[in-house]
Amino acid sequence: MLKKFLKRICAAFAAAGMLMTPAGALDQNKVVTPFDEVLYQIERYGLFAEGNEMSDADRALCNARIDSGEPLSKVVNEILSKHDTHSFYLSPEEYQQSFSALTGDYVGIGVTVQLLDGSLIVTDINFGGPAREAGIETGDILLAVDGVSINGKSLDEVGSLLRGEPGTTVRIKLDHLGKELEVMVSRREIYGDYVWSETLEDGIEYIGVQAFGSMDDAEHFLTIWDGLDEKRTAAVIIDLRGNGGGVIDAALAMLDGILQQKTGLVSLRWRKDQGGTQVVTSNGGGLPLNGIYVLVDGQTASAAELMAVCLKDSGEAELVGEKTYGKSLGQFHLSTKNGDSLIITTLEMSAPKSGVWEEKGIVPTTVTESMVTLGDYLTDKAPLPDTRPLFFGETGSAVRELTERLRLLGLLERSSDTLGAEAMKGVHKFQAAAGLPETIHADVTTLKRLNSVMKDYAAYYVDNALEQALIRAREAAQKPLQYTPKSDGTWTPAA
């Protein structure tokens, strides 16, 4: 099914490449200078160049400016700025810096940091990157890089400190829940690993999509999706935060595998001489889950917004987080003879219900901040009772609040309503860290100390959007499955 779908989608791109020079565009026989070459590409492919072709007189003036010493990039970008805000003319160095997720030339440690209340917080970690292997976690506060304090530095300056040559080592000083730690991390090429999954709790799967770097990401995603029934998955959380987009075809292929109902996905508006408007549909037939929750933020853009808005408009998913970036224009990436790159807008995307989201963004179903302090997060949670012990085997909301706090401290992988063997391992880890004697249950002293520690850590950050999605996913996971897994790896709708 995937190959057939991709063949249908890619046909539009293939057809565009075979078109003759559009009427009114610069004749290829007139292409003499480097500027002429770039203008030819703009007027052949540019969505907003159609009907706005440059006259021979204006072209001569542009060539004269370049002959007099003005940079080619300045003249071209001046023209592109009149088309839209996403078209650029870039040097090889600028291209690599701006589109490292597509080129695979990014060398670093694999973290995303965000400035929150004056602190640089680790908000995302590449699944297969060296930072994760070194033990760096989301919520950690970055303090110094190779002995250089990052206090007062911009995100770009910190990024430059973290990046370097493959194989070189960088010393990271960070604050992890009140403890200062130093870790040595070996830089390497961060490529691939843009899609990964993790079982958060029984029946709840998390799938992170960091970028749509290539069609390999779509195949990886669909392999994960095809295996959900074998895990008896009831709810899925798809994380698109920080995903700036990439290959639109990859997002469309993922959507086609997810959606249960046959539906229109998106309208793609090309130039009239490239086919005009094309409506892309899904065949449906996806796994009938109890809930799909998509995490988005202000850095969710382009193809990632396409995936999010199509899931929202279909009614098959809820969006959780912050309003998205607002980019519904797609671009071709074209190389010039001198090695530079022309990024030119060639299409406009429009969702079935939400329409064009350029400069507007997509408002989530549940609007909430991605990262909040632990204190603010616990304000909306039930308190942890500490006037009586919680006994081994006990179930209930008090046990849930205990294990939730242990999970937030990184002492448990999953929260639970039952104080079983796994939950007691988390209790024992906390007791050891707090200098308390190990007990066969969660005694009052331990519970009181845990409440005290949570107050001490109130200023540290927690992934609030993920936590809010988890609350909804847990409710969905309590409901009966809408499908029946079969021994041969397939499934049938539940009776």
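Tyr 483 is buried (under 20% relative accessible area; exposed is over 50%, partly exposed in between; 1.4 Å probe, protein chains only), with a relative accessible area of 2%. Trp 491 counts as partly exposed, at 27% relative accessibility. This is a predicted model: local features need pLDDT of at least 70, side-chain atom pairs count only at pLDDT 80 or more, and totals for chains, interfaces and linings use all residues. Residues are numbered from 1 along each chain as its sequence is written, and side-chain values use heavy atoms, without hydrogens and water.

**Aromatic pairs**
- The whole structure holds five aromatic pairs (Phe, Tyr or Trp rings, the six-membered ring for Trp, with centres within 6.5 Å; planes under 30 degrees apart are stacked, over 60 edge-to-face, the rest tilted).
- Tyr 457 and Tyr 460 are edge-to-face, because their ring centres lie 5.7 Å apart and their planes stand at 80°.
- Both Tyr 457 and Tyr 460 are buried.
- Tyr 483 and Trp 491 also pair edge-to-face, at 6.3 Å centre to centre and 65° between the planes.
- Tyr 45, Trp 270 and Phe 332 are linked into a cluster by ring pairs.

**Second largest pocket**
- Its lining has 26 residues; Glu 201, Asp 202, Arg 414, Ser 415 and Ser 416 lie nearest the centre.
- A pocket here is an open set of points on a 1 Å grid over the protein atoms alone, with protein on both sides within 12 Å along at least five of seven lines; lining residues have an atom within 4 Å of a point.

Definitions and conventions: 1 Å grid on protein atoms, 1.4 Å probe; cavity = no way out; pocket = protein on both sides within 12 Å on 5 of 7 lines; lining within 4 Å.
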